[in-house]
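Try each task yourself before reading the solution.

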Amino acid sequence: MEAAFAELPLALFTTLAPMGAGAFIALALAFFTTTFTDVQVKKIDRMTLIPLVVVLVGFAASFFHLASPLHAAGVFAGIGSSPLSNEILVGSLFVVLALVYVILALAGKLSGGARKGFVAVVAVAAAVFACFTGMAYMMETIASWNSPLVVVQLLGFALLGGMPLGTLVLGLAGTLPDALKGSFKTAGIVVAAAGAVLAIGGFCVQVMGVGGMENALVSGADLVADVTIYLAVAVASLVLAAAGTVAALLGKSPVAMAGFGAVMAVIGIFVARLVFYAVQLSVGLSF
């Protein structure tokens, strides 16, 4: 795991940014399934600063991975040909959309129809951003990462992490009881369950697949053996995140359980990301 900690800034970025983005998907579900009063909407808008800050902290962490943060703009030079440049472009567009949405919402400039349209666009951008984050790691030179399962798990992390965070936003705004009276409860459980399947399934299958690879210097089986305990911690935390989210959506101490689910999601996704970096296996003479 020593090599994984060298990628700590990226681990934080790929934990926090997709999770914060996923919260906007949860909020979109809430606005499409629940009719809130103007007072409730204002409270939700104030609490929406929470997932926005989570996203921004994630992006800030990524800058510490750069050899020279002052040259960060250089990553845009490869747009269209570099998966990393494409990821940063899509991520930047998502951040701009989320920022504009929050600013307009706080200023009271979004009517009911405009709000639904705008939050839907932000939610779609969030999902696309999560997918592009996974695609940035699909490269032929690193066999252990060159799999669509990486995209699957990143999307899963966004959904599984974003659902409890979005639910927590509603809880802190005092609007969750009303949301749970409608179809938000069912939709949220479906999203959380889908996120858990994508995250846990994609993560485990991708890591286990590394066990059958090797190059002239490293055995994939040895890499996987070294991270087995961390893999178990990640999976257990992700399962608890899903359980906490479902409990919150079923109305069982909703604010506390949503908070628990969000914390477990952060732990589970972060450990999973460290495991991902720890099983990096480059193409060698054979694999």
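**Exercise 1. Find the buried residues of helix 11 and what covers them.**

Solution. Start with the list: L231, A234, V235, S237, L238, A241, A242, G244, T245, A247, A248 and L249 are the buried residues of helix 11. Buried means under 20% relative accessible area, exposed over 50%, and partly exposed in between, with a 1.4 Å probe and protein chains only. Next, look at the cover, which includes helix 7 (149–172), helix 8 (176–180), helix 9 and helix 12 (254–278). Helices are DSSP runs of H or I with at least four residues, numbered from the N terminus.

A word on the source: this is a predicted model, in which local features need pLDDT of at least 70 and side-chain atom pairs count only at pLDDT 80 or more, while totals for chains, interfaces and linings use all residues. Residues are numbered from 1 along each chain as its sequence is written, and side-chain values use heavy atoms, leaving out hydrogens and water.

**Exercise 2. Check the length of helix 11.**

Solution. The expected span is 1.5 Å times one less than the number of residues. For the 22 residues of helix 11 this gives 32 Å, and the end C-alpha atoms are 32 Å apart, which agrees.

**Exercise 3. Describe how helix 9 packs with helix 11.**

Solution. First, the geometry: helix 9 (residues 184–210) and helix 11 (residues 228–249) meet at about 175°, their axes 9 Å apart. Axes are lines fitted to C-alpha atoms over the stretch in contact, and angles run from 0 to 180 degrees between N-to-C directions. The two helices are therefore roughly antiparallel, a term for angles over 145 degrees. Now the contact (heavy atoms within 4.5 Å): helix 9 contributes residues including F184, I200 and F203, and among those from helix 11 are L231, L238 and L249. By class, this contact has 17 nonpolar, two polar and one charged residues.

**Exercise 4. Locate the salt bridges and say whether their residues are buried or exposed.**

Solution. There are two salt bridges, each a side-chain nitrogen of Lys or Arg within 4 Å of a carboxyl oxygen of Asp or Glu.

- D45 pairs with R115, the closest N and O atoms being 2.8 Å apart. D45 is in helix 3 (residues 38–47) and R115 in helix 6 (residues 112–135), so the pair ties together parts 70 residues apart in sequence. D45 is buried at 2%, and R115 is buried at 6%.
- K181 pairs with D178, with 3.4 Å between the closest N and O atoms. K181 is exposed at 69%, whereas D178 is partly exposed at 29%.

Terms used: Angles under 35 degrees count as roughly parallel, over 145 as roughly antiparallel, 65 to 115 as roughly perpendicular and the rest as oblique. Ala, Val, Leu, Ile, Met, Phe, Trp, Tyr, Cys and Pro count as nonpolar, Asp, Glu, Lys and Arg as charged, and the others, Gly among them, as polar.
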